[in-house]
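I opened the notebook to record what I looked up in this structure. The entries follow in the order in which I made them.

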Amino acid sequence: MTPLDLWLSRSIPMCLLLQSLVLMALCFPSASMCPKGCVCQRARPDPGLHLGPGPLGLLLGLNVTCTGSRLKEIPPDLPPDTALLRLDHNQIMAVPEHAFRGLRLLRELNLSHNAVETLGEGAFSGVEATLQVLDLSHNRITSVHKDAFTRLKARILVDDNPWHCDCTLQQALGGMAHNHEAVARVLCRSSELQEQEGRNFLAVDTDLCNLAKRTTDYAMLVTMFGWFAMVISYVVYYVRQNQEDARRHLEYLKSLPSKPVKPNEVEDISTVV
Ligand SMILES: *[C@@H]1O[C@H](CO)[C@@H](O)[C@H](O)[C@H]1NC(C)=O
Ligand SMILES: *[C@@H]1O[C@H](CO)[C@@H](O)[C@H](O)[C@H]1NC(C)=O
């Protein structure tokens, strides 16, 4: 008998509490279910404690490893006590809104080496407070919603993505000011600014949002000028046309025999005009 066992057998209320917790752990439906293509391991506390898969294990959560399983989407049936989720080296193209909601213990999420193209506003909603590491490197992300990272406290990795640098990305990266490291590693595959293409996002110190605004203002000005030019040319055309008519009219009058023009004739001409 180890001292721990001795202690357990002596303190009956403590024993009962532990038993009920163990029972709860066993009854937890997630404890036995693991998504297809994944391996779920319960984190073991210090082996010297002999506590088995009891309360402490439940607190630490599950390691769910789905690495290289040709997954095309995030498994919808992730155990609610997933703490470490490895989804790297799959073919996941999208992270739906609220994809990880309910994973109250999720600390680490590895989505590297997938085919993710964009991230919506609520992609990581529900795990903002717990998530500590988010690996999005080696994907196909060109842009994200401006608030996709706003409330995340995690360390975010975004290397090797074909970023399109524009106002939206500037806003999204502005929302992760605590993540200098990640922001500093964003390379612009394409950009609103030609000089930024192929370069680091931070290498060019220009406000891309003001740039967009200026472009809109400029477009507006050009359109207005276009309209103005059309109106002017129409007026000019109209005046010219009238001058031409008036001239022809006068010539016609001059060419008439020199007898006085009858009033009703004048009326006729004016109706023609
Ligand atoms: C879960 O993952 C962590 C971090 O990689 C590791 O330290 C731990 O040993 C893993 N636990 C199990 C049960 O595999
Ligand atoms: C995510 O997985 C990749 C590939 O297995 C690995 O290289 C990388 O270190 C992992 N990221 C983190 C933050 O552990």
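I began with the secondary structure and found seven helices and ten strands in the chain. I note that this is a predicted model.

**Entry: whole chain.** I looked up burial and found that 32% of the 273 residues are buried. The chain exposes about 17,600 Å², and carbon and sulfur atoms supply 60% of that area. I then turned to contacts with a separation of 6 or more, and read that 46% of them are between residues 24 or more positions apart.

**Entry: the sheet.** I traced an open sheet of six strands in the order β1-β2-β3-β4-β6-β8, and its pairing is mixed. At the edges I found β1 (39-42) and β8 (155-157), each of which pairs on one side only. The twist from one strand to the next averages 15 degrees. Inside the sheet I checked β4 (residues 108-110) against β6 (residues 133-135): the two run parallel and are joined by three bridges. In this pair I saw Leu109 standing opposite Leu134 of β6.

**Entry: salt bridges.** I noted as background that side chains of opposite charge can pair when their charged atoms come close. In this structure I found seven salt bridges, and I wrote up some of them.

I looked up Asp81 and Arg42, whose side chains meet in a salt bridge at 2.9 Å, N to O. Asp81 lies in the loop between β2 (62-65) and β3 (82-86), while Arg42 is in strand β1, so the pair links distant parts of the chain, 39 residues apart. Both Asp81 and Arg42 are buried.

I went on to Glu128 and Arg151, which meet through their side chains in a salt bridge at 2.6 Å, N to O. This pair also links distant parts of the chain, 23 residues apart, with Glu128 in the loop between β5 (118-119) and β6, and Arg151 in the loop between β7 (143-144) and β8. Arg151, at 56%, is exposed.

**Entry: helix α6.** I found a salt bridge between Arg247 and Glu244, with the closest N and O atoms 3.2 Å apart. The two residues are three apart in helix α6 (residues 208-255), so about one helical turn separates them. Arg247 is partly exposed, with a relative accessible area of 42%, and Glu244 is partly exposed at 36%.

Definitions and conventions. Residues are numbered from 1 along each chain as its sequence is written. Chains are lettered from A and ligands numbered from 1 in the order in which they are written. This is a predicted model: local features need pLDDT of at least 70, side-chain atom pairs count only at pLDDT 80 or more; totals for chains, interfaces and linings use all residues. Side-chain values use heavy atoms; hydrogens and water are left out. Two strands pair if DSSP finds at least two bridges between them. Helices (H or I, at least four residues) and strands (E, at least two) are DSSP runs, numbered from the N terminus. Axes are lines fitted to C-alpha atoms, for helices over the stretch in contact, and angles run from 0 to 180 degrees between N-to-C directions. Buried means under 20% relative accessible area, exposed over 50%, partly exposed in between (1.4 Å probe, protein chains only). Contact means heavy atoms within 4.5 Å. Accessible areas come from the Shrake-Rupley method with a 1.4 Å probe; for residues, only the protein chains shown count as cover. A salt bridge is a side-chain nitrogen of Lys or Arg within 4 Å of a carboxyl oxygen of Asp or Glu.
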